[in-house]
Amino acid sequence: MNENDHVLVVDDDRGIRELVGAYLEKQGLRVTLAANGREMKNALMHAAPDLILLDIMMPGEDGLTLCRELRAGKHRAVPIVMLTARDDETDRIVGLELGADDYVPKPFAVRELLARIRAVLRRTRMLPPNLQVTEAAKLLAFGDWRLDTVGRHLLDADGVEVAMSGAEYRLLRVFLDHPQRVLSRDQLMGLTHGNDAEFFDRSIDLLVSRLRQRLGDGAREPRYIKTLRNEGYVFSSDVTILEGRTA
């Protein structure tokens, strides 16, 4: 993490917002504070942060709604760490499904929060600059498949939705963002996982195997995901943006 990294803190609780902001600034980060979705969007018009710290429980547009909008727009590549005061794991799971990179339950220690922020920034910077995503697409086509990146749905040749887990979706999205590129297991792990127990319990190889099954991709003669011994994996199919918008 760089000392001049910019964190946008979005939380309707003034006490938490100012406490977190003051602590992060003391650690050398630049901080912008926002009390709601409107203030967040206004801040994004002036400067793109390196990470967004986003509370789930807010009046008006809640954190999950804002996370969905961020992942569908030009700021979709900005890492998101979500804050939740709920004990129910539903918010955590939904947040990760929507594309959040990590979550921190309230109450939290600011030192732990800083460690989470550092970890997320490290993971999102694992790819070299020429592999960074620069376009927000709505519908991606490859082979006989379509991926709706707004609804996060995989559609077969007949337009029938095929169920995927959050981890499988994130892995497929990474492959589609970087076709014809060799990605190591470490890169894939860093780019696909948040604080997700399902992912931690399974290796990247098993996750690739599960995704291949979804796509009907044989391991011996794969059409989409090829294994390169001692190097990693490469998505070998061409990817077309059917409906998208530039960032």
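Which residue stands opposite Leu183 in β12? Tyr233 does. The points below start from that pair.

1. Basis. This is a predicted model, in which local features need pLDDT of at least 70 and side-chain atom pairs count only at pLDDT 80 or more, while totals for chains, interfaces and linings use all residues. Residues are numbered from 1 along each chain as its sequence is written, and side-chain values use heavy atoms, with hydrogens and water left out.

2. Overall content. The protein chain has 9 helices and 13 strands. Helices (H or I, at least four residues) and strands (E, at least two) are DSSP runs, numbered from the N terminus. Of the 247 residues in the protein chain, 48% are buried; buried means under 20% relative accessible area, exposed over 50%, and partly exposed in between (1.4 Å probe, protein chains only). Among contacts between residues at least 6 apart in sequence, 63% join residues at least 24 apart, a contact being heavy atoms within 4.5 Å.

3. The open sheet. The order is β10-β12-β11, with 3 strands and antiparallel pairing; two strands pair if DSSP finds at least two bridges between them. The edge strands, each pairing on one side only, are β10 (182-183) and β11 (225-228). Helix α9 (residues 204-215) packs on this sheet and touches β11 and β12, its direction making about 150° with that of β11. Axes are lines fitted to C-alpha atoms, for helices over the stretch in contact, and angles run from 0 to 180 degrees between N-to-C directions.

4. Strand pairings. Strand β12 (residues 232-235) is joined to β10 by 2 bridges in the antiparallel sense. Between β11 and β12, also antiparallel, there are 4 bridges. Phe235 in β12 is the bridge partner of Ile225.

5. The hairpin residue. The hairpin of β11 and β12 has 3 residues between the strands. Asn230 lies in the loop between these two strands, and its phi is positive, near 65°, in a residue other than glycine. Asn230 is exposed, at a relative accessible area of 77%.

6. Gln180, not a glycine, has a positive phi of about 65°. Gln180 sits in the loop between α6 and β10 and is partly exposed, with a relative accessible area of 44%. Most residues other than glycine have a negative phi, and most peptide bonds are trans.

7. A cis peptide. Lys106 and Pro107 are joined by a cis peptide bond with omega about -5°. Pro107 falls in the loop between β5 (102-105) and α5 (110-124).

8. Helices α6 and α9. The axes of helix α6 (residues 166-177) and α9 come within 10 Å and cross at roughly 85°. Helix α6 is therefore roughly perpendicular to α9; angles under 35 degrees count as roughly parallel, over 145 as roughly antiparallel, 65 to 115 as roughly perpendicular and the rest as oblique. Residues making the contact include Leu171 and Phe175 of α6 and Leu207 and Leu211 of α9. By class, the contact residues are 9 nonpolar, no polar and 3 charged. Ala, Val, Leu, Ile, Met, Phe, Trp, Tyr, Cys and Pro count as nonpolar, Asp, Glu, Lys and Arg as charged, and the others, Gly among them, as polar.

9. Helices α2 and α3. Helix α2 (residues 37-46) and helix α3 (residues 63-72) have axes that come within 11 Å and cross at roughly 25°, so α2 is roughly parallel to α3. Gly37, Met40, Lys41 and Leu44 in α2 meet Leu66, Glu69 and Leu70 in α3. This contact divides into 4 nonpolar, 1 polar and 2 charged residues.
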